[in-house]
Amino acid sequence: MCYNLHMLILQSLSTGGCPFVHEVRKDEDICSPILRKLFNESHHIFVGLQGIRDDLPSKNKKTQFVSISKNYRSVIRACMEELQQVAGKVEGKSDGRISPVFFLQVSILLAVELIWNLCEVLFIDAAPAGSLLLHLLDWVRLHKADVDEKARDVLQSESPTEHQAYWDVVISYVLQGRMDEARQVLMKQAALQPAARGMFKLLDNLLIKMPIFNPSGAQTLTEFDVKWRHWHEEVDRCLQDQSFASNPHLEVICKILVGDEDVLLEHKELLSTWYHFLVTRLLFSHPIVKPTELHYYAQSSMHMFLDTRSVPEPLDSILLAAFEFDIHQVIKDCSIALNNWWFVAHLTDLMDHCKLLQSHNLHFGSNLREFLLLEYASGLFTHHSLWQLAVDYFDHCPEFGRVYLELQIERVPLDTERKALKVLRICEQRQMTEQVRSICKIMAKGALRNNRLGSALSWSIRAKDAAFATLISERFLQDYCANGAFSDLDLIDNLGSAMLLSDRLTFLGKYREFHRLYGEKCFSDAAKLLLSLMTAKIAPRTFWMTLLTDALPLLEQKEVIFSADQTHELMFCLEDLTSGNCLPKPDRWFPFLFQDEDIDTTKIEILRLALARNLAKAIVKEGTVEV
């Protein structure tokens, strides 16, 4: 199953607070209207990804893969924001209680987007030294957006510089490398302290001068490193000269600029996470860190930041595995920690397209990508509408996708004819012959139970089920005997070659054709058809008396319709039917044909008389020589 019945998650991968246990039950996410949008939108992205040609140049494909990754993240973020809006509305109501489900879903989506974004930076975009830190800074800023909210509160207050969070805002901007914003907020303090203007000006110059690598510029990485080291030495000299000793806040900022790890750790509350601490540490100490060096700084930063007595949470382990460039461990840990397969299935599929999972196959035959996609798609099949999305996922699993689809499609409840047609179309497009036949049989039996003979016959023809088509044809004939008219004439009139499916269906079609010819006054053609139904043994023997009765109006016409030979054949049929006083006994389908023995005897005498008269007229007509 895609959705684990009882998956235990430590605090939903949240990054703070005391750990507690959530129990995530089957289908909890799949039933959420907001998360269904996530499944629907990501399905379109997934299908688009499968269409990328393998023969494209690597550079072009990389651009497309990064774009697709961002599309996935935008869908995650949109769903997360919608959940937060709904939670806010609930919180604003009288009881003010937010459902734990909202908290769980929001926290999981936050973690999912955080992990996906980091994987995009490290694996998909694969930024080199210099650019790598810029991407990591963007990653931290995106997921630590509370700084801007706090800054708005400070700047909109009556006296921003006296606000208790003023220096927290300045330092938070510096910790994120947002020097322009930090300078703008600092200017408000500098304007109120003319005596310290020189000190503020000195710090402002240091912030302005801080080198930032420009990947698209002409500057090489070595030139940037030399420039950064000169700037770093200048900041260190200011500290050694005690240029900011009279202002503790400015001195703290200067120590941060020089990369003082003790000072950074004193601001754990502002950093809030070890990976924010890692990026800040790299910004002010190792701005040209190489991808191969990341794991060392990540491990040391996590150990320095976290309490030695605390156990890393699942999110910490996943992010650390990403920094160690162990994508398989990331996928494994996410599969264990998250409450559904959506994330790992789509991330693994994207990684596989990026050729990052080529060497990782599972022991039981399927590769990792296919295994996760199959699990995710199987879960979608449990939902009344999302099952249609799962079909495309199975289609793109070349090894076992067809087998899974055949098994799952048979479990879709065929509640309505419209849904049955959808399922049928899916099966027909994939030449799933057995499933097509099974669906048609189910629908035919259901229609027959509800006495919808036309629909039942249509489904049985589609299933190419001769036995069931025979049974329904006999029901049509039974209804005709009871009511004297056919139902569903449009269907019977347009059977075409389908009537050859069974003898009884052929008879039904031809018998209806006889009535149509008779109605159109094509008496000669009608007579030939009626006779052929008996002589060719197409009509069931129990129905011969009805056919002979239908011949009566033709026998009584002023114009001779049946020739002498045809009349002899009709007589033979009647005698064959009545010979030895053994009229056919009423069967279960045509009990109306033989309800009264006296009536049958009278009918037989009438038929004999009509046949005799017609024979005489036919002989006279055929023996007369036209002058």
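Contact here means heavy atoms within 4.5 Å. This is a predicted model, in which local features need pLDDT of at least 70, side-chain atom pairs count only at pLDDT 80 or more, and totals for chains, interfaces and linings use all residues. Residues are numbered from 1 along each chain as its sequence is written, and side-chain values use heavy atoms, with hydrogens and water left out.

Q: Among contacts between residues at least 6 apart in sequence, what percentage join residues at least 24 apart?
A: The contacts considered are those in the chain between residues at least 6 apart in sequence. Among these, the share joining residues at least 24 apart is 66%.

Q: How many helices and strands are there in the chain?
A: Helices (H or I, at least four residues) and strands (E, at least two) are DSSP runs, numbered from the N terminus. By this definition the chain holds 30 helices and two strands.

Q: Is C334 buried or exposed?
A: Buried means under 20% relative accessible area, exposed over 50%, and partly exposed in between, using a 1.4 Å probe and protein chains only. The relative accessible area of C334 is 0%, so this cysteine is buried.

Q: How many disulfides are there?
A: A disulfide is a pair of cysteine sulfur atoms within 2.5 Å. By this rule the count of disulfides is zero. For C334, which is in no disulfide, the nearest cysteine sulfur, that of C119, lies at 7.1 Å.

Q: What pLDDT does the chain average?
A: pLDDT is the predictor's confidence in each residue, from 0 to 100. Over residues 1-18 it stays under 50, whereas 88% of the residues in the chain score at least 70. The chain averages a pLDDT of 84.
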